[in-house]
Amino acid sequence: MTTATVEQTNKRSSRAKSQERLALALIAPTLIVLTIVIVIPVIQSVKQALYGQPGLDPETGFVNETEPFVGMKNFADIFTGSGERFWTAFWNTTLFGVVTVVLETILGVIMHRAMAGRGIVRAAILVPWAIPTAVSAILWGWIFNQNGVANAIIGTHIMWASGNWTAKWSIIIADVWKTAPYIGLLTLAGLQVIPTEVYEAAKVDGANAWKRFVSITLPLVKPALVVAVLFRALDALRMFDLPFILVGPRMKSVETLSMLVQDEASNLRYGAAAAYAIILFLYVFIIAFAFIKILGADLVGDKHKRKKMKATTFVSGGRPGGRRARQKANAVQAAASKEVAS
C-alpha cells in the first residue's frame with residue numbers, strides 16, 4: 001500500500017468519524033427528551049408497582065405515612081383478587097382495538113376511489129379527525145341519547161349506554177367515524193406515488209378492478225398502509241377518553257385497561273395503578289413487536305437502503321468500491337495491452 005493510499009484512507013476515516021460525531025450531536029436532544037418522557041417514567045412506574053397503599057399497620061396498630069413495600073403483590077392481586085375486572089377490561093381493550101382498526105382500514109382504503117368532487121369530499125372527511133376526542137364523545141352522546149338522532153332514525157328507543165353490546169357498538173361507531181380519515185389520508189399519500197400508466201397497462205392486459213386492486217394497489221400501498229395501521233392499533237389499545245366520556249367511568253361494558261389505571265390512581269392506589277400501566281405497556285409492546293415481525297413494517301425507512309446495499313455489494317464482488325477498483329484495473333490492463341501491441 002502506497003503512502004498516498006494510506007493518506008486517502010486516513011482522510012476517509014477522519015471524515016467518517018466527524019460525520020458520526022455530527023449525527024450524534026444532532027440526535028442527542030431527541031434522545032434526551034425521549035429519556036425524560038419515556039425511560040424515566042417507565043422506571044418510576046416499575047418502582048411504584050412494588051409498593052402498596054399507606055394504611056393501618058397490622059403489626060404496630062399505627063397508620064403508615066409511607067407506602068409499604070409489597071413486592072409483586074399488586075400484580076398478584078390483579079390476576080386473583082380483581083381478576084374478573086381485569087380480564088373484562090382486557091377483553092374490551094382487545095375488542096375495540098381489533099374491530100375499530102379493521103373497519104377503519106377498510107373504509108380508509110376505499111376512500112381514494114374517484115368520485116365527482118372528490119377534493120371537497122376528501123377535505124370534508126378530515127373534519128371528524130380534527131375534532132378533539134372529548135368533543136366527539138359529547139356529540140355522539142347526544143346522538144345515542146334515548147331521544148337522540150340514532151333512535152329517531154331506526155325508530156326505536158334503545159338505551160345505548162346502558163346495554164352491554166349497545167354500549168360497545170356506540171364506542172366502535174364513534175371511533176370509526178373519527179379515525180377512519182386518518183388511515184384514509186395516509187393511504188392516499190401512498191397511492192399518489194403509483195403511476196397511472198401501471199393501471200392503464202393492466203386494463204389493456206384485461207385485468208378487472210379486483211385484480212388491479214390485489215396485484216397493483218395493495219402491494220404498492222402496503223408500506224404506508226402497514227405503518228398507518230400499526231400506529232392506529234397502538235392508539236386504539238390505549239383508548240380512554242372516548243368510552244370514559246361517552247358511556248361513563250367504571251362501566252363494565254366498555255371499561256378498558258387505561259380506564260383501570262385512571263380509576264386506581266384516582267383512588268390513591270398508585271401501586272396498583274402502576275401495575276396496570278406496566279401490563280398495558282407490555283401488551284402494547286408485544287402487539288407492536290409482533291406486528292412489525294409478521295407484516296414487516298418499515299418504520300425507519302432503511303429496508304430499501306439495505307436491499308440496495310446488498311445488491312451493490314453483490315455486484316461489486318462482496319466489498320465496497322470493488323466494482324470501481326475492477327474498472328480501474330481493466331482500464332490499466334487495456335492501456336498496457338495497447339502499449340504491448342504497439
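User: Where does Lys 252 lie?
Analyst: Lys 252 lies in the loop between helix H11 (241-246) and H12. Helices are DSSP runs of H or I with at least four residues, numbered from the N terminus. This is a predicted model, where local features need pLDDT of at least 70, side-chain atom pairs need 80 or more, and totals for chains, interfaces and linings use all residues. Residues are numbered from 1 along each chain as its sequence is written, and side-chain values use heavy atoms, without hydrogens and water.
User: Is Lys 252 buried or exposed?
Analyst: Exposed, because its relative accessible area is 52% (exposed is over 50%, buried under 20%, partly exposed in between, with a 1.4 Å probe and protein chains only).
User: What is Lys 252 in contact with, leaving aside neighbours within four places in sequence?
Analyst: Glu 84, Thr 88 and Asn 92, where contact means heavy atoms within 4.5 Å. With Glu 84, a side-chain polar contact of 3.3 Å is formed (N or O atoms within 3.5 Å, one able to donate a hydrogen and the other to accept it).
User: New topic: which residues lie nearest the centre of the second largest pocket?
Analyst: Ile 38, Val 42, Arg 238, Ala 277 and Phe 281, out of 16 lining residues. A pocket is an open set of points on a 1 Å grid where a 1.4 Å probe fits, with protein on both sides within 12 Å along at least five of seven lines, and lining residues have an atom within 4 Å of a point.
User: Which helix gives the largest share of that lining?
Analyst: H1, with seven residues.

Definitions and conventions: Helices (H or I, at least four residues) and strands (E, at least two) are DSSP runs, numbered from the N terminus.
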